[in-house]
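Please open the model in your viewer and keep the selection tool at hand. The tour below goes stop by stop, saying what to select and what is found there.

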Amino acid sequence: MSETAACFNPLEFEFFYEMQSEFDREIEGHNFRLMCFPINDQRQKVQSISYEILPHTWLSEGCDSFGNLYVYGRADGRHDSFTVRVHGIVETGRSCFEAYEDGLSDLFHHFTPATAPGDFAAAYFREIVPAGCNLRLCGRQNPGFSQVYAPKGCAGIQVQGCRLKQAQTLRQGLQEDSAPEKVRKIREKDSSCTGTEQDIPQTAGKQDDYETALYFMRRIHEDFSYQKGVSDTNTTSEQTFERRAGVCQDFAHVLITLCRMVGIPARYAAGILEGEGETHAWAEILSDGKWYGLDPTNNCAVDGRYIKFSQGRDCRDCLVNRGIYFNLARETQKIHVYAGTRK
Amino acid sequence: MYDICREADAINEQLARYGVKFGIYKNNEFKEQLFPFDAIPRVITAEEFAYLEKGLQQRVTALNCFLADVYSDKKIIKDGVIPPEFVYSSSGYLAECEGVKPTKGIASHISGIDLVQSRDGTWYILEDNLRVPSGASYPLIARDLCRRASPMVFRERKIADNRNYAVLLKKTMDYVNTGGDNVILTPGRYNAAFFEHSYLAEKTGAVLVTGNDLFVENDRLYYLDYQGEKRQVGAVYRRISDEYLDPMNFLPESLIGVPHLYDVYRKGNVAILNAPGNGVADDKGIYYFVPKMVKYYLGEDCITHNAPTYLPYYEQDMKYVLDKFDEIVIKDVAEAGGYGVVFGNKLTKQEKEDMIALIKAQPRRFIAQDVIDFIDLDIMENGERVPRKADLRAFVLSAGDVMVWKSGLTRFSRNPDSFIVNSSQGGGFKDTWVLLH
């Protein structure tokens, strides 16, 4: 894969993920499921991994339909704290994309409750698509959205996903009209963000979808403000379109919604970013048969500084920590993440 | 037969004593209703049943092929036979099932196929129920009671004995069992079909359990027996819908499920009957495509007949729906149990306009069918024979062989003006006799 080699220099990361939950009273019958383990794909390769989960009665490992690794188990006894520690070494940046091979691209065309567009998504779309441009929501309604996810009282909103072919013609329209300049600007801006011009994938052939998604990403970064505490894991992209604020999860959802609205398959990715802090989330879009990561929170393409834990339709598929237990305890959670290149 | 009619009251009394009831929630209140039994049986001739048997075996085989394909290679979508929207926007589609192969490749172990017979004798399929079809226990226990009330009736006539249902069901569970006991997982006694769960457990020798009785340890599923010993479970005939099955993988608020059950299933360490995700194949929109599935997977013409069905999703069908609005019945694909069914000619002008607007706005949400003038069956009401609309739920069990139970649940509407026979709408039931020759 000479093309791959031209993109990035592989980096070797050592990372720690630590989550500490405290309960204000003792809980019992605690079942949990954790998804905070880097996956092996074209871009990253796990060299070693170890984890510690306390307390637990038993633990087991699994792999879900999206290829995500998880550890599940139960802690029977009464306890008021729960600790997860993961440590590993991952080689990242082995490629700037992942070849599409899982047969699920159709699935990522379709909206989920967390990413279904409504009035606010439609309004935002009209706002960012330049006047006179051909890129618009088109033709046939996306039946999936209207049937399953339309909130009561707004049945038949004119927000319509469309068939891929139509969408592509429209996107060509965008590029021929007013967009090329903008897209070029994004590329320049993007380069400054990620370091070198090479960080933007330079694949041959059709780049329409990628460039459209880049444009969306840049607009989201400009128009939405990063704000903690206004959203949670149940927040939908439609709510974020209204609020124009949120955290990385919401930014990713908004980008996913916009892409799916014009027929570009898009998926959610969760993981960590170089440095110290919390877990991170971004979006991946399918263009020219390859998945590319785009991070609307940081306005850049995903490169070797990102370690991916999981991928799915939206954040619900990528929850780091799922748990149920008995007792009405209040839980406070501290998460600490560190990822650094190995000297 | 008239002997049985004379015993009808006594049989109904026995049914009530056995707790043959149907629980219904209305206005947040749980009410148990008796499921009224009518003693006049539906009679199916041997030739007719031979035709139905062949047709149903073919249909269920194709549906199982579809379920295996749609959660793996998706050839039928790639080959353009079924538009992807109909799969991915179906509320029964579960992405969690992608790439998961059910034990021995069977997804629909117990299929309940609803049919009606039109006046010209043609049988039409109304819908396929591949999730948790209920109802087999009712004709089963009714037959048992009828035989006790009037043994001579069954001695004189050559009627297929339907009391082998439990044998077929046990065979179906054993066939996919991965090692361990068979259990029937019930949501509990407030479920509409709790009688059925307990009766089938008793008859098949499976252990009747609720979610709290089952637990996962590492990679296996267990329950504690009466001695407090841990016993492994190899097959779960669950009577709980997909979303409530496992709070760690599906709806986290479910209290009736078993945490991590799906993780164990994914590893092939327990069988779940019917497999999760089957809802994608019995969606009312997918129904339209079943004859195409038969052709696609088996290379045969579909033996069973679908009711003439139109998808407003397709433009020409939309036109038909608008033109013939007064002659068709409209069904909401997301609803079941007789809810969300609208007859075009029964609507007021305003309702009609609203309905048309709704169909135009959400075409994927509805299907339309020609109203089939199906034959009435006589029932006894206050000592008189009166005709009522009735359908038939045939039970098809897949365990390597595809077996059609030589009986079925015949449901009828007690309201003379109603076409809707669902038990949740207050209908009654009859025994179904299949003649041996």
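**Before you start**

This is a predicted model, in which local features need pLDDT of at least 70 and side-chain atom pairs count only at pLDDT 80 or more, while totals for chains, interfaces and linings use all residues. Residues are numbered from 1 along each chain as its sequence is written, and chains are lettered from A and ligands numbered from 1 in the order in which they are written.

**Stop 1: chain A as a whole**

Select chain A and colour by secondary structure: it has eight helices and 16 strands, where helices (H or I, at least four residues) and strands (E, at least two) are DSSP runs numbered from the N terminus. Of the 343 residues in chain A, 46% are buried; a residue is called buried if 20 or more other C-beta atoms lie within 10 Å of its own, exposed if 12 or fewer, and partly exposed in between, with C-beta atoms placed from the backbone. Among contacts in chain A with a separation of 6 or more, 77% are between residues 24 or more positions apart, a contact being two residues whose C-beta atoms, placed from the backbone, lie within 7 Å.

**Stop 2: the two domains of chain A**

Now colour residues 2–95 and 320–341 of chain A as domain 1, and 98–317 as domain 2; such bounds come from an automatic or database domain assignment. Across the boundary, 29 residues of domain 1 of chain A are in contact with 22 residues of domain 2 of chain A. On the domain 1 side, the elements giving two or more residues are helix H1 (2–7), strand S1 (11–34), strand S5 (79–92) and strand S16 (331–341) of chain A, and S16(A) gives the most, with five residues. By class, that side has 20 nonpolar, seven polar and two charged residues; here Ala, Val, Leu, Ile, Met, Phe, Trp, Tyr, Cys and Pro count as nonpolar, Asp, Glu, Lys and Arg as charged, and the others, Gly among them, as polar.

**Stop 3**

Most residues other than glycine have a negative phi, and most peptide bonds are trans. Select Leu54(A) and Pro55(A), which are joined by a cis peptide bond with omega of about -10°; Pro55(A) lies in the loop between strand S2 (45–54) and strand S3 (58–63) of chain A. In chain B, a cis peptide bond joins Leu273(B) and Asn274(B), with omega of about -20°.

Next select Asp288(A), which is not a glycine and yet has a positive phi of about 55°, in the loop between strand S11 (280–287) and strand S12 (290–295) of chain A. Asn299(A), also not a glycine, has a positive phi of about 55°. Which of the words buried, exposed or partly exposed applies to Asn299(A)? Asn299(A) counts as buried because it has 20 C-beta neighbours inside 10 Å, whereas Asp288(A), with 16 other C-beta atoms within 10 Å, is partly exposed.

**Stop 4: the nonpolar cores**

A nonpolar core is a set of buried Ala, Val, Leu, Ile, Met, Phe, Trp, Tyr and Cys residues joined through C-beta atoms within 7 Å. In the largest one, of 188 residues, Leu255(A), Cys259(A), Ala283(A), Ile285(A), Leu294(A) and Val236(B) touch the most other members. Helix H3 (residues 46–70) of chain B gives the most to this core, with 10 residues. A second, separate core of five residues includes Leu377(B), Ala390(B), Phe412(B) and Val421(B).

**Stop 5: strand S20 of chain B**

Select residues 409–412 of chain B, strand S20, where Leu409(B) and Arg411(B) on one side and Thr410(B) and Phe412(B) on the other are all buried. S20(B) pairs in the antiparallel sense with strand S18 (residues 384–399) of chain B over four bridges and with strand S21 (residues 428–434) of chain B over three bridges; two strands pair if DSSP finds at least two bridges between them. Ala390(B) has Phe412(B) as its bridge partner in S20(B), and Arg411(B) has Phe429(B) as its bridge partner in S21(B).

**Stop 6: where the chains meet**

Finally, show both chains: 30 residues of chain B are in contact with 22 residues of chain A. On the side of chain B that touches chain A, helix H5 (84–88), helix H10 (261–266) and helix H14 (349–361) of chain B give two or more residues, and H5(B) gives the most, with three residues. By class, this side of chain B has 14 nonpolar, six polar and 10 charged residues.
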